[in-house]
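Subject: A structure for you to explore

Hi there,

Here is the structure I promised to pass on to you. Have a look around it first, and then read on for what I found.

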2 protein chains.
Amino acid sequence: MPTYEHPRPSVTVDVVVFGYDGGHDLKLLLIQRGSDPYQGQWALPGGFVEMDEDLEAGALRELEEETGVKDLFVEQLYTFGKPGRDPRGRVISVAHYALVNLSKHPAAAASDASEVAWFSLDKLPELAFDHAEIIKLATTRLRAKVRYQPIGFELLPEEFTLGELQALYETILGVPEFNKRNFRTRILRTGILEEVGRQQNVAHRPAILYRFNEATYQQLVEQRDSGVLRRALDFEI
Amino acid sequence: MPTYEHPRPSVTVDVVVFGYDGGHDLKLLLIQRGSDPYQGQWALPGGFVEMDEDLEAGALRELEEETGVKDLFVEQLYTFGKPGRDPRGRVISVAHYALVNLSKHPAAAASDASEVAWFSLDKLPELAFDHAEIIKLATTRLRAKVRYQPIGFELLPEEFTLGELQALYETILGVPEFNKRNFRTRILRTGILEEVGRQQNVAHRPAILYRFNEATYQQLVEQRDSGVLRRALDFEI
DNA sequence: GCAAAAGTGTTGAGTTTACACCCATGA
DNA sequence: TCATGGGTGTAAACTCAACACTTTTGC
């Protein structure tokens, strides 16, 4: 059965971009739609995938075209394909999420789309299509993932203090504040942080600056994969 | 920009079906391709998605058409879209994985495809397209997921003993054997098992039969979502 | 000296691991 | 009575959570 006998849906790639600037909330990058459907409404950056590009590459391309933001961590999230989710016809969207540190990637500049802005994750505007649902799933995934994989580091500058790291975790997970002592012990125990210096010119004891050590992390992952199952299972729930 | 201005890729849904029959290995359901490309080679069940059907529904439809297997747990896995993964042109595959207990769903009967068979997961034939890669990802996901979500129950009959459950976990995770005492304590502590009787006619002390209690599980999930974060984070690695 | 945030010691409660043992059944 | 798998008691090792305390800086 050759391909051309089949009706073909359109395929888009959309990106949920989380940004962090050290504050007490996560930001989300949205664009204002310049044309119908949903003209004038806010939506996720994204667009139709090209015939000769990988999905992730398409996501990054659309993101740069529409918002000017590039060079960030991106990962596939889920594919949304319910018939009727787009009034133009059958459109299947391969959704991605991305993480970015706002101090490295300054204010997104528009080009394709009429407007681009960062919104606080808990003060989002009304969204086009099923994008609210996509964002909800991305948020859930981010919260789950940050607890067992060091993706949080993508949201921080190259060098950071343990206080900053802890504030980030509290922000992502939305918990009030957890015990400093125990947070430090846990993070440092993993060995994935590397000391790189000390804070300067702060009106308190200067904190040690750390950097994420990817090599050590990879070692840990391999150790785990190649046996030595610490706990057989863990219905943490 | 209306949809029809864009070139459209084809979209397929493929399913990695894991089966378990109580033995010491997991099985995988494959079909032998009846036409080119890859004619005669083994491949995942799947096919082109219809214009008016949901992705998951398409996966289940193709699965039933090609193998006769139906009524099983299915979940989206990942979308594979590298250009060149299908010699017919741009084909994007939304891969799913499914779990099935072989005693409930007897030998798959062919219809569309020329042949259908269950293979042991560690003795797979050469596979068409990038299906080996898809299976690898599905296996990784299954192993990860079974450790924190009770999906294992989909692979067992309605009622089962703790011994059977433990054997299943050992099979999925590929570990030699873990401590009986501790496995039992952990599973029972969660409260998601419900006693339903006792084994009959076995040449040893009859085991208690259990059933998975979905209601209790849902309660646990809600408890977790609505606060009471037991551990703030857990770089288990 | 004071405020502010960094960083540390410690202890009781709780959890995990490991091993040894007893139990009920059919053959 | 034996073999087989089901099921339990428990103690030492370890981990977690919580709290109070000391340190270092700029002003």
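Which residues come nearest to DNA strand D? Before the answer, please keep in mind that this is a predicted model. Of the 22 residues around DNA strand D, the nearest are Arg186(A), Arg205(A), Lys180(B), His204(B) and Ile208(B).

An N or O atom in the side chain of Lys180(B) is 2.5 Å from a base nitrogen of DNA strand D. Asn182(A) also faces a base: a polar atom of its side chain lies 3.2 Å from a base nitrogen of DNA strand D. Ile208(B) uses its backbone instead, with an N or O atom 2.6 Å from a phosphate oxygen of DNA strand D.

Which helix gives the most to the surface near DNA strand D? It is helix 4 of chain A, with four residues. Helix 4 of chain A and helix 4 of chain B each supply at least two residues of that surface. By residue type, the surface near DNA strand D holds seven nonpolar, five polar and ten charged residues.

Now turn to the other DNA strand. There are 21 residues around DNA strand C, and Lys180(A), Ile208(A), Arg186(B), Arg189(B) and Arg205(B) come nearest. A polar backbone atom of Ile208(A) is 2.6 Å from a phosphate oxygen of DNA strand C. In chain B, a backbone N or O atom of Arg205(B) lies 2.8 Å from a base nitrogen of DNA strand C. In chain A, a polar backbone atom of Arg205(A) is 3.4 Å from a sugar or linking oxygen of DNA strand C.

For the surface near DNA strand C, helix 4 of chain B gives the most, with four residues. Helix 4 (180-190) of chain A and helix 4 (180-190) of chain B each supply at least two residues there. This surface is made up of seven nonpolar, four polar and ten charged residues.

Next, the inside of the protein. In soluble globular proteins, nonpolar side chains tend to be buried together. The largest nonpolar core in this model has 44 residues, and Val16(B), Phe18(B) and Leu165(B) touch the most other members. Helix 3 (residues 162-173) of chain B gives the most to this core, with six residues. At least three residues come from each of domain 1 (3-146) and domain 2 (160-225) of chain B. Another core, of 42 residues, lies apart from it and includes Trp42(A), Leu77(A), Tyr169(A) and Val221(A).

Chain A has five helices and nine strands. Starting from the N terminus, its elements run β-β-β-β-α-β-β-β-α-α-α-β-β-α. Of its 237 residues, 50% are buried. Among the chain A contacts between residues at least 6 apart in sequence, 65% join residues at least 24 apart.

Pro37(A) gives you one such place to look. It sits in the loop between strand 2 (27-32) and strand 3 (42-43) of chain A. Is Pro37(A) buried or exposed? Its relative accessible area is 14%, under the 20% cut-off, so Pro37(A) counts as buried. Pro37(A) and Phe129(A) are 92 residues apart in sequence, and their C-alpha atoms are 8.8 Å apart in space. Beyond its neighbours within four places in sequence, Pro37(A) is in contact with Asp86(A), Pro87(A), Arg88(A) and Phe129(A).

Finally, find Gln76(B), in strand 5 (residues 73-80) of chain B. Gln76(B) is buried, at 7% relative accessibility. Its side chain reaches the backbone nitrogen of Thr79(A) at 2.7 Å. Not counting residues up to four places away in sequence, Gln76(B) touches residues of both chains, including Tyr78(A), Leu55(B), His96(B) and Arg141(B).

Enjoy exploring!

Notes:
Residues numbered from 1 in each chain as written. Chains lettered and ligands numbered in written order. Predicted model: local features only at pLDDT ≥ 70, side-chain atom pairs only at ≥ 80, totals over all residues. Heavy atoms only, no water. Core = buried A, V, L, I, M, F, W, Y, C linked by side-chain atoms within 4.5 Å. Buried < 20%, exposed > 50% of the residue type's maximum accessible area, 1.4 Å probe, protein only. Domains from an automatic or database assignment. Near = heavy atom within 4 Å. Polar contact = N/O pair within 3.5 Å; in protein donor to acceptor, adjacent residues only side chain to side chain. Nonpolar A, V, L, I, M, F, W, Y, C, P; charged D, E, K, R; others polar. Contact = heavy atoms within 4.5 Å.
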